[in-house]
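Hi there,

Here is the structure I promised to pass on to you. Have a look at it first, and then read my notes below.

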Amino acid sequence: MLALLVVFTTLPAGSADEKHLSVYSAAANYSLPIADREGREYIGLLEILEPFGNVSAKTDGRRWRIRFGGIEAEFIQGRDRAKIRGRDVALFGAFLLESNHGLVPLVSLSSVLPRFLATPVSFNEASRRLFVGNVANHYTVELNPTNPSRLVFNFSAPVNPTIATEPGRLYMIFRREPVVLSGTPNLRFNDPAMPSATYSESNGQAEIDVRGTVPLIASFSNEGRTITIAPVQQAQPAPATSQAPLMPTTTPTAPPPVLSTAPAPTPVARHFFAVIDASHGGQDRGVALSDTLQEKDVVLGFARQLRQELQKRGISALVLRDSDATLTADQRAIFANTVHPVIYVALHAASDGHGVRLYTSLLPAATDNNGPFISWDAAQAAFLASSQSALGALAAALRQQQIPVRTLSAQLRPLNNVTAAAVAVEVAPPGTNVAELASPAYQQTLASTLANGIAALRDRQAAPQSTVPQSSPQPGAPQ
Amino acid sequence: MIPRQLIFAVAVLLIGALALFVYALRMRGRVAQVPATAEDLRPVAPPVAGATERVALFIAWDDAGALHPQSATIPLPANRQQRAEELLRALLRAYQDKNSPHPIPPGSDIRSVYLVDPGLAVIDLNAAFANGHRSGVLEEELTVTSLIQTLAANVPGILKVKILVDGKDRDTLAGHADLSTTYDVGAVNQLVTQMQSQ
C-alpha cells in the first residue's frame, strides 16, 4: 500500500483521464486515485488516513473495522451508514469492500473525516480537492505597468507549480499546493501583452492560465512566494524581495527560451528546497546520551539551527518533526516524498566517537521494481548518485572547518524510501563531554558548516543545469 | 420471613467472594510488577562437539568504528546450519569477553540460523541481544555487519541475510539499524571495506 502511495504522490500526473483526489493538510499534501463504481465516485479510506497517523483495518465477513489512533469505526458492505466513535455517520451511498479494501463514496468525506481527524475538513467535490484544517494558500495578482509590464502573483505560502507554455498562454498547474481562489476567477488587465488570467480547478489540481500576445516567462522569488510573469526578452525577477531568487531560471545569465511557438518540451524551474528530519521523537527517545540528555531533543534543537542557517543562505528548509511528535519511518518518507525536496537530511546524535558521521543509504537486497511501481524499499536507488554527491559536499564543508568526518553507508530508514538526495548526519560530541551535544555554540558551528555544504551543493547544481526539462520528469522532480 | 441461617450463609458467601476478589487484584498487581522484558539467560543449546576448524571472525572495534578479521579455532559440526549457528555464537563469545572492543548485552545469543532459499540466511537473535543493545547508528551497524560478514566469509553461498529477533520481524536493532528488510551480502562487504579504509 505504501508503495502505491509513493507512486501516486511522486507521479501524480498519471493519465489525464484518471480521476484523482488531492488532499492538503499540515501533515502532507498527496494525491489518490478515485474509483468509479455504479455511477458513483469512491475512494479508499485507509489511504486517506494513512499520512495522518497509525491506521489499521480488519475485515470480518461483511464488516470492515478501521482503527485510527484511538478511534474505532465500523463499516458494513452495502450499508449507507457507518459507526464512527460509536455514532452513526451518513455515507450518502453504499460502503464497498473489495479484497479487504474499504471504499467510501467521495461525497461522504465531508462527514466521515472530521470524525477521525477532529479538525475542520473542507471538500470541493467538483474539483476533487480536500482541505484538512486551515491550509489554504491564497494569492493576489498585481500588474506592474513598467516597461515591459509584469504580472506579479503573491502567494501566502511558497509554491512550486508546473509551468508550461502554449502559443498564446502560460499556465501554472498546482498539484501539491493548496492554492485557492481569492477573488474573481477571470481577471482582465489593461495590458496588450498579458490581457487576462483565469483561475480554474479540476481533477485535484488548480490552474492559473495567463493569456499572452507575446512569449512569456515565469520567474520565482521571495522564497517561492512570488511568481512574476513577463515578456520573455526582458524577463527580470520581481523587485523588493527579502531573499535572493531561489529558482535557477531567474539568474540573468541563462534565462530559458520559453517561446510560445515551441510548446514542448518546456523548461521548468526546480526550487532548491531542503527537508530536515529530526529523527526519533515522542515515545521514541533515541539514544539516552546521558541521564538528562536524549537524542530526540538534541536533534530537534540541531534541526532548528540548521533550518535557520539554511534560510540565512536563501535556501528554503522545512523541519519535518518540529515538535516532540512520534513519527514512523514510513510517515517521514511519505512526507519527504510528497514535498519533493532537493535534499533530505536526517539528523541523529551519538555519545560515542567525536565529530560527524555522514551516511547514504545501503540499499536492501532483492528490491526489484514492478513495472511503473517503484519498490518502496529501494525508492532511493535512482537518487543514490545525488545522495553521494550531497554527502561529498557536506563532508568537504566539514573538513574545511577541520571537523572530523567519516562517510559511510547504512541501512537506516527512511533513507532507502526517500525519492531525493538523502543523507543522514550523526553528530557526536566534540570531545569527551556528551553534554556538549546540546551546547548552542557547538550546534551553531555544525549547523553553519552543514548549511555551507548544502549551499555549495545548490551552487554546483545551478551552474551546469539551470532547468529541468518538463518532458522527462524525475520521480522526485516538481511536476 | 427469611430464615436466619440463610442470611448468615449468604453473608459468609459474600464476604468470601469479596476476599477472593481482593486476593485476585493483589495477584494481578504482582504479575504486573514482573518486568516484561525479563530475559531468559539460560543456555539454549548443548555444547557442540566436532572437529575444530580455523575460521575468520569479523570483530567490530568501537574505537576505530570498523571491522577487523580475527582468526579463531572453534569446534564446528558437519551440518551447514549448525556450523552457521556455532560460528555466530563464537563471535558473540568474543564480544562478551570482559576486554571486548564492542561489548554486547549479557545473555545475548543466537537462537537459530536458517539457511533457506538459495543464498538466503536468516539469523534469529534472542531478545536479550536486541533489547539490551546500545543505541546509535554506528554501534548498531557494526554489530549487524559483523554478524553478516562473519557468516558470509565462513559459510559459502550466502547472498542475502535477514535478521529476526525472538523469531519475529523487528523494525530496528536498537532504534537505528534497519532489520525490517534483507541485507545484501555484497553491499555489506563493500561497506566493511569502506570502514576499514577510513
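**What I found**

The model is a predicted one. In its largest nonpolar core there are 146 residues, and those touching the most other members are Ala274(A), Ile276(A), Ile343(A), Tyr344(A), Val423(A) and Leu88(B). Helix H4 of chain B, residues 137–154, gives this core its largest share, with 8 residues. Apart from this core lies another one, made of 26 residues, including Leu151(A), Phe155(A), Phe174(A) and Val180(A).

Leaving aside residues up to four places away in sequence, Ile343(A) touches Ala274(A), Ala390(A), Ala420(A), Ala421(A), Ile454(A) and Leu457(A).

Now for chain A as a whole. This chain has 7 helices and 30 strands, and 48% of its 479 residues count as buried. Take the contacts in chain A between residues at least 6 apart in sequence: 64% of them join residues at least 24 apart.

One sheet to look up is in chain A, where 4 strands form an open sheet in the order S14-S15-S22-S21, with antiparallel pairing. Strands S14 (139–144) and S21 (216–221) of chain A stand at the edges with a single partner strand each, so one side of each has no neighbour in the sheet. On average, neighbouring strands of this sheet are turned by 20° against each other, direction ignored.

S14(A) runs antiparallel to strand S15 of chain A (residues 150–155), and 6 bridges join the two. Glu142(A) stands opposite Val152(A), which lies in S15(A).

Happy exploring!

Key:
Residues numbered from 1 in each chain as written. Chains lettered and ligands numbered in written order. Predicted model: local features only at pLDDT ≥ 70, side-chain atom pairs only at ≥ 80, totals over all residues. Core = buried A, V, L, I, M, F, W, Y, C linked by C-beta atoms within 7 Å. Buried ≥ 20, exposed ≤ 12 C-beta atoms within 10 Å, placed from the backbone. Contact = placed C-beta atoms within 7 Å. Pairing = 2+ DSSP bridges. Axes fitted to C-alpha atoms, helices over the stretch in contact; angles between N-to-C directions.
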